[in-house]
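Trainee: Before I plan anything around this protein, I would like to go through its model with you. Could we put it on the screen?

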Amino acid sequence: AVYGADAKIELPNPIESMNHRTNQQCLVESLGNRECLVYLDPANKLYQGAEGSVLLERLEKASEALASMPELIEAKKWSKVIGVMTGPMYPLGTTMDQLCKLDETSTNSAALAKKVKTDLYAIGASAERKDVARALENHQKATQDLVAFVKSL
């Protein structure tokens, strides 16, 4: 046993902590001297961003729900039409927005996503008015615009 071998006192390095402060984001800070105890590590983040395969799977489910709507419209089952709009098709808008953010090459996809959303609102409005012809027309537009959106990706 050498004298002082077990006494390892680490003094804080003020230059290093100032450098870390400017280059990294502090998550946990001590109360006394405002020293950062935990820095954000981008490699260990739980959420790394939207995953394209999950988004495309959601888009596929929504398009299947959209394809089932004409029978409901022709049978004048308006509550089921609105149920499909608020159920399986509900995440379609956010899914299209996330796909637009992932696809940085296409500037047209955001405009097409907006057209699909407008068509879906029109289907909902015609279902509220119980207008079969207009609902089917808006459904046709929504289907065409959704196909154009997928092709733009």
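What follows is a set of questions and answers on the chain as a whole and then on some of its residues.

Mentor: Two points on the source come before the questions. This is a predicted model, in which local features need pLDDT of at least 70 and side-chain atom pairs count only at pLDDT 80 or more, while totals for chains, interfaces and linings use all residues. Residues are numbered from 1 along each chain as its sequence is written, and side-chain values use heavy atoms, with hydrogens and water left out.

Trainee: What percentage of the residues count as buried?

Mentor: Buried means under 20% relative accessible area, exposed over 50%, and partly exposed in between (1.4 Å probe, protein chains only). The chain exposes about 10900 Å², and carbon and sulfur atoms supply 56% of that area; such areas come from the Shrake-Rupley method with a 1.4 Å probe, and for residues only the protein chains shown count as cover. Of the 153 residues, the buried share is 27%.

Trainee: Among contacts between residues at least 6 apart in sequence, what share joins residues at least 24 apart?

Mentor: Contact means heavy atoms within 4.5 Å. Among the contacts you describe, the share that joins residues at least 24 apart is 57%.

Trainee: Which side chain makes a polar contact with the side chain of Ser-126?

Mentor: Ser-126 lies in helix α6 (residues 108–129) and is buried, with a relative accessible area of 0%. Leaving out residues up to four places away in sequence, Ser-126 touches Trp-78, Asp-131, Arg-134, Ala-135 and Asn-138. A polar contact is a pair of N or O atoms within 3.5 Å; within protein, one must be able to donate a hydrogen and the other to accept it, and residues adjacent in sequence count only if both atoms are side-chain atoms. At 3.4 Å, the side chain that pairs with Ser-126 is that of Asn-138.

Trainee: Why does Asn-138 count as buried?

Mentor: Asn-138 sits in helix α7 (residues 132–152). Apart from neighbours within four places in sequence, Asn-138 is in contact with Asp-119, Ala-122, Ile-123 and Ser-126. Asn-138 counts as buried because the relative accessible area, which must be under 20%, is 7%.

Trainee: In which loop is Lys-76, with its positive phi?

Mentor: Lys-76 has a phi of about 60°, a positive value, although the residue is not a glycine. Lys-76 counts as exposed, at 55% relative accessibility. Its loop is the one between α3 (69–74) and α4 (78–86).

Trainee: What is the relative accessibility of Lys-130?

Mentor: Lys-130 lies in the loop between α6 and α7. Lys-130 is not a glycine, yet has a positive phi of about 60°. Lys-130 counts as exposed, and the relative accessibility is 56%.

Trainee: Which residues does Gln-98 touch, not counting those up to four places away in sequence?

Mentor: Gln-98 belongs to helix α5 (residues 92–102). With a relative accessible area of 28%, Gln-98 is partly exposed. On that count, the residues touched are Leu-55 and Arg-58.

Trainee: How far apart in space are Lys-45 and Tyr-90, C-alpha to C-alpha?

Mentor: Lys-45 lies in the loop between β2 (36–39) and α2 (52–67) and is partly exposed, with a relative accessible area of 42%. In sequence, Lys-45 and Tyr-90 are 45 residues apart. In space, C-alpha to C-alpha, the distance is 28 Å.

Note on methods:
Helices (H or I, at least four residues) and strands (E, at least two) are DSSP runs, numbered from the N terminus.
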